[in-house]
Amino acid sequence: MGHILITGMSGVGKSSVLSELSRRGHRTVDTDYGPWVGADGAWDEPRMATLLSTPSPVVVSGTVQNQGRFYDRFAAVILLSAPVNVLLRRLSVRTNNPYGKSERDRAEVRRYVQEVEPLLRRGATLELDACRPVGELADEIEKLVVPPGFSGAP
């Protein structure tokens, strides 16, 4: 049992999976929102270190340039991946974030899939196909947060 990082490209469904895990009662932090990321696009390292020093498991979502510095504090680093055409379609219809609507953003997503996703894949302990239903993805991740048979009792 431990902290979990869900990472991947924009539009892959990180926030949707995190929302489902939160709905199921798990402690979650979406670092796309709030004070987690500085102007430089990196996690606020002292804030993240404090979060990950707590004993109770937390599922964190995000993709930032310095996330690798924290990999040793996660029980699992899960890469959600999907074909670029799926990402672009999802970005074009989502309503909670304007990123991915402009042609500039779409070109950036294509480039990130080629350049950044392979780096994320190398650091991941598990890769899941984000074309699967959100509930199925949450089921897989939930097994890592609370292992089968864990009762919580000593």
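The face of helix 4 turned away from its buried side carries E103, R104 and Q114, which are exposed (over 50% relative accessible area; buried is under 20%, partly exposed in between, with a 1.4 Å probe and protein chains only). The model is predicted: local features need pLDDT of at least 70 and side-chain atom pairs pLDDT 80 or more, while totals for chains, interfaces and linings use all residues. Residues are numbered from 1 along each chain as its sequence is written, and side-chain values use heavy atoms, without hydrogens and water.

**Helix 4**
- Helix 4 spans residues 103-115 and reaches 18 Å from its first C-alpha to its last, close to the 18 Å expected (1.5 Å times one less than its number of residues).
- Helices (H or I, at least four residues) and strands (E, at least two) are DSSP runs, numbered from the N terminus.
- D105, R106, E108, V109 and V113 are buried in helix 4.
- These buried residues fall within an arc of 160 degrees seen down the axis, so they line one face of helix 4 (the arc is that of directions from the helix axis to the C-beta atoms).
- Their cover includes helix 3 (84-93) and helix 5 (117-123).

**S81**
- S81 lies in strand 4 (residues 76-81) and is buried, at 11% relative accessible area.
- L128 is 47 residues from S81 in sequence, yet the C-alpha atoms are 6.4 Å apart.
- The side chains of S81 and E127 make a polar contact (2.6 Å); the term means a pair of N or O atoms within 3.5 Å, where within protein one must be able to donate a hydrogen and the other to accept it, and residues adjacent in sequence count only if both atoms are side-chain atoms.

**H26**
- H26 sits in the loop between helix 1 (14-23) and strand 2 (28-30).
- H26 is buried, at 15% relative accessible area, and its side chain makes a polar contact with that of E142 (2.7 Å).

Methods:
Contact = heavy atoms within 4.5 Å.
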